[in-house]
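Subject: Structure for your attention, with notes

Dear colleague,

I am handing over the structure below, and my notes on it follow. Please read them alongside the coordinates.

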Amino acid sequence: MTGILFNFKSLTRLARSYSTLLSLLLISLSIFIVAGCRNRNVASKGQTKTDRQIELMIRSQYNVPADYGVTFGSVRASDVPGYDDLPVVFSHGGKHVDFVFLISNDRRWLARLQKFDLNQDLNGGIDVAGRPVRGNPAARVTMVVYDDLQCPFCSRFSEEAVPQIMARYKDLVRVIYKDYPLSEIHGWAAHAAINANCLAKQDPDSYWKYIDYVHSHYGRFNAGQKNLKDIFKKLDDLTFLEDVADPSELRACIAAQDAALIKQSVAEADRLNVESTPTVYVNGERIVGLRPNEWLWAAIDRALAAKN
């Protein structure tokens, strides 16, 4: 069966250049951004409904914005008995969004279906080896947070949600941050993440102090600053305030600004279809965005129950 590939990261990047594409979120389907030539008409194959009838149904059921084009690819065989696959192309501003509907062999019914692999690792193969840990390293529940140090929602998560989780669950939960700087909109987020990783090589406590300070003062770094070099210097100076075992190694690391670890973390997040920060995984259960603490607590409680 042809599934519908979920890739909101691609949509997000595209929408930053074409803001009107955000209205496609009104379509309650998982989508994948592609560009290329597509056949415009539905193959006949016994079709009894016109393209226009199918288009009207799709537009009405999924609230497709009026300025988006809707065209069709060639019908092909489906794994679903009694149905064929019908590619549908949404277009706007020279860009295309493709996914697949099902159309019955008698051409009476239109449907959509998304399938999920139950053998999939819901932790997505998240690599936490060597990452600083907040809390009990042997905790039964691991909360992985994809974080952007320039993100105001991440700041609130770091200042409010995490301390309350640690106070509530104590040694039962460990928190691990992974880097996901949205560099297209946050100019100094990657630099701050690299600095934090330089500190992590020296001392986990220094790493967490830096993370906490930047999150709690992110507005101060932005305020009145138009020159990124000035912000970088402030971030670097903050790093050197930490008492580390090898200051010369830290200085060399900060000067190098090696983004290899950042790129690995971003690539991992992209594979998981992370599209915003904070995105949290609680023993594989995904929570997107800044949510009420009760949401996180419920996920942790489920994870603990599963462990028992």
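A disulfide is taken here as a pair of cysteine sulfur atoms within 2.5 Å, and by this rule the count comes to 1 disulfide. This is a predicted model, in which local features need pLDDT of at least 70 and side-chain atom pairs count only at pLDDT 80 or more, whereas totals for chains, interfaces and linings use all residues. Residues are numbered from 1 along each chain as its sequence is written, and side-chain values use heavy atoms, with hydrogens and water left out.

Cysteines

The disulfide is formed by Cys-198 and Cys-253, whose sulfur atoms lie 2.0 Å apart. This pair links distant parts of the chain, with Cys-198 in helix α4 (residues 189-202) and Cys-253 in helix α8 (residues 247-256), 55 residues apart; helices (H or I, at least four residues) and strands (E, at least two) are DSSP runs, numbered from the N terminus. The torsion about the S-S bond of Cys-198 and Cys-253 is about -80°, so the disulfide is left-handed. For accessibility, buried means under 20% relative accessible area, exposed over 50%, and partly exposed in between, with a 1.4 Å probe and protein chains only. On this scale Cys-198 counts as buried at 3% relative accessibility, and Cys-253 counts as buried at 18%.

Cys-151, by contrast, is in no disulfide, and the nearest cysteine sulfur, that of Cys-154, is 3.4 Å away, which is too far for a bond. Cys-151 is buried at 4% relative accessibility, and Cys-154 is buried at 1%.

Strand β5 and its partners

Of the 10 residues of strand β5 (residues 95-104), 8 are buried, so the strand is largely enclosed by the rest of the structure. Two strands pair if DSSP finds at least two bridges between them, and strand β4 (residues 83-92) is joined to β5 by 10 bridges, the two running antiparallel. Within this pairing, Phe-90 has Val-97 in β5 as its bridge partner. The hairpin that β4 and β5 form has 2 residues between the strands, and Gly-93 in the turn has a positive phi of about 60°.

Strand β5 also pairs with strand β6 (residues 110-111) in the antiparallel sense, over 2 bridges, and here Leu-102 stands opposite Ala-111 in β6. The hairpin of β5 and β6 has 5 residues between the strands, with Arg-107 taking a positive phi near 65°.

Salt bridges

A salt bridge is a side-chain nitrogen of Lys or Arg within 4 Å of a carboxyl oxygen of Asp or Glu, and a search of the whole structure finds 9 of them. One of these joins the side chains of Glu-55 and Arg-52 (3.8 Å, N to O), which are separated by about one helical turn because they are 3 residues apart in helix α2 (residues 51-62). Glu-55 counts as buried at 15% relative accessibility, whereas Arg-52 is partly exposed, with a relative accessible area of 48%. Arg-52, Glu-55 and Arg-59 are linked in a network of salt bridges.

Another salt bridge brings together the side chains of Arg-131 and Asp-179 (3.9 Å, N to O). That pair links distant parts of the chain, with Arg-131 in the loop between β6 and β7 (134-135) and Asp-179 in strand β9, 48 residues apart, and both residues are buried. The side chains of Lys-178 and Glu-268 also meet in a salt bridge (2.7 Å, N to O), here with Lys-178 in strand β9 and Glu-268 in helix α9, 90 residues apart. Lys-178 is buried, with a relative accessible area of 6%, and Glu-268 is buried at 4%.

The second largest pocket

On a 1 Å grid over the protein atoms alone, a pocket is an open set of points where a 1.4 Å probe fits, with protein on both sides within 12 Å along at least five of seven lines, and lining residues have an atom within 4 Å of a point. The second largest pocket has a volume of about 270 Å³, where grid points are joined across faces, edges and corners and a volume is the space filled by probe spheres set on the points. Of the 15 residues that line this pocket, the closest to its centre are Ala-129, Arg-131, Lys-178, Leu-261 and Gln-264. At least two lining residues come from each of β9 (173-179), α4 and α9 (260-271), and α9 gives the most, with 5 residues.

With best regards
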